[in-house]
Amino acid sequence: MLQNDTFLRALLRQPTDYTPLWIMRQAGRYLPEYNATRARAGSFLDLCKNPDLATEVTLQPLARFPLDAAILFSDILTIPDAMGLGLYFAEGEGPKLERPLRDEWEIRNLSAPDPDTHLNYVMSAVSQIRRSLAGTVPLIGFSGSPFTLACYMVEGGGSEDFRHIKGMLYRRPDLLHQILEVTTQSVILYLNAQIAAGAQAVMVFDTWGGTLSTPAYEEFSLHYLRRIAAELTKHADGRRVPSIVFTKGGGLWLERIAQAGFDAVGLDWTIELSEAKRRIGDQVALQGNMDPSVLFGSPQAIENEVDRILTSFGASPGHVFNLGHGISRFTPPEHVAILVDAVHNVSRRLRTNN
């Protein structure tokens, strides 16, 4: 029995006493305790692959702030790593893959990893975190989207122009579709395994979908997101398991994303919540969407922006407050405390006045 299921109810557009809040990348480098644990682990990847330490850092922000959900501490590139592409982290450069997909034979040989075998450390962390939460707040599982995973798998890391994957898209779309077929099946298996291990909601991060043209987004990202939504486990432990999709830069396609089959759509800060509600009505819940840079402002500026965003959405059900992207490592933790308190207090006031 959950002591606080506000987050899950909001995702299902059920009435709540206040707007629930969690923060993308909430267990991260802005927290001194996280940095200490990461130093003990030796590396980011060792931290991800140690269920005890992954549990420790997942719980750290909840010990500081009254957040309404925990999110599994992991990385979206665990799937490519389990496929044998060799995930590593270069200091100051972000994630890299030792063996990016460039040759046709490598792509044709690609297969979906068994999450209970090749990603067992993730499932162990999910189970351990769920036990450690002891019914306080829900646990979110997650994955990268097929297209976002494919970007890293083809580029070999982050990219400024995505020339390798976009070159493949326009030169050999059949090869890109082969990668996306395998990654889609991998994501479905991975998320459903996380649900079986104890995740109570799941989120798909389509971080690079917004780099595509409209026709390419439909064909190479949204098509596969629809398949994931259709095949996700919908019930576990006697209750619905809500799902969230977030395409960064996807405001142009909001109506299409809202019809993809997920329970909630994450928004970045480039679209007003009131405008999003006008366009899609009550088809799905909305998550977002404060610019993370607001947290570098004054306490009053943070409170003012929270008030503006919550007022923009209104007092109706179906809103989860979040940042429009991951929190910066340079964010003062005391500003996060101001954010959390403001979201809870302002949203309670708005509901009282309506």
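Select Ser316 to begin: at 29% relative accessibility, this residue counts as partly exposed, a class that lies between buried (under 20% relative accessible area) and exposed (over 50%), computed with a 1.4 Å probe on protein chains only. The model is a predicted one, in which local features need pLDDT of at least 70 and side-chain atom pairs count only at pLDDT 80 or more, while totals for chains, interfaces and linings use all residues. Residues are numbered from 1 along each chain as its sequence is written, and side-chain values use heavy atoms, with hydrogens and water left out.

**Around Ser316**

Ser316 sits in the loop between α15 (299-313) and β11 (319-320). Helices (H or I, at least four residues) and strands (E, at least two) are DSSP runs, numbered from the N terminus. Display Thr19 next: Ser316 and Thr19 are 297 residues apart in sequence, yet their C-alpha atoms are 9.9 Å apart in space. Leaving aside neighbours within four places in sequence, Ser316 is in contact (heavy atoms within 4.5 Å) with Lys277 and Arg351.

**The nonpolar core**

Now select Phe7, Trp22 and Leu339, the residues with the most contacts inside the largest nonpolar core, which has 129 residues. Such a core is a set of buried Ala, Val, Leu, Ile, Met, Phe, Trp, Tyr and Cys residues joined through side-chain atoms within 4.5 Å. Helix α11 (residues 173-197) gives the most to this core, with twelve residues. Centre the view on Phe7; beyond its neighbours within four places in sequence, its contacts include Pro20, Trp22, Ile140, Ile244 and Val320.

**The largest pocket**

Move to Arg25, Arg29, Phe44, Asp75 and Pro95, which are the closest to the centre of the largest pocket among the 40 residues that line it. This pocket has a volume of about 1,400 Å³. On a 1 Å grid over the protein atoms alone, a pocket is an open set of points with protein on both sides within 12 Å along at least five of seven lines, whereas a cavity is a set of points where a 1.4 Å probe fits but cannot get out; lining residues have an atom within 4 Å of a point. Grid points are joined across faces, edges and corners, and a volume is the space filled by probe spheres set on the points.

Colour α2 (32-41), α3 (44-48), β2 (87-90), β3 (94-97) and α9 (146-155), the elements that give two or more residues to the lining of the largest pocket. That lining divides into 19 nonpolar, 13 polar and eight charged residues. Here Ala, Val, Leu, Ile, Met, Phe, Trp, Tyr, Cys and Pro count as nonpolar, Asp, Glu, Lys and Arg as charged, and the others, Gly among them, as polar.

Arg25, in the loop between α1 (6-11) and α2, has a phi near 65 degrees, a positive value in a residue other than glycine. Thr37, in helix α2, is buried, with a relative accessible area of 1%. Leaving aside neighbours within four places in sequence, Thr37 is in contact with Leu47, Leu53, Glu56, Val57 and Gln60.

**The largest cavity**

The structure holds one cavity of 30 Å³ or more. To locate the largest cavity, with a volume of about 60 Å³, select the lining residues Thr247, Gly250, Gly251, Leu254, Ile257, Val265, Gly266, Leu267, Asp268 and Ile271. Both α13 (254-258) and β9 (264-266) supply at least two residues of this lining, which divides into five nonpolar, four polar and one charged.

Select Phe162, in the loop between α9 and α10. Phe162 has a positive phi of about 55 degrees although it is not a glycine, and at 6% relative accessibility it counts as buried. Continue into helix α10 (residues 163-171), where Ile165, Met168 and Leu169 are buried. These three cover an arc of only 105 degrees around the axis, which puts them on the same side of α10; the arc is that of the directions from the helix axis to the C-beta atoms. On the other side of α10, Arg163, Tyr170 and Arg171 are exposed. Among the elements that cover the buried residues of α10 are α6 (104-108), α9, α11 and α12 (214-231).

**Last stop**

Finish at the peptide bond from Gly288 to Asn289, which is cis, with omega near 5 degrees. Asn289 is found in the loop between β10 (285-287) and α15.
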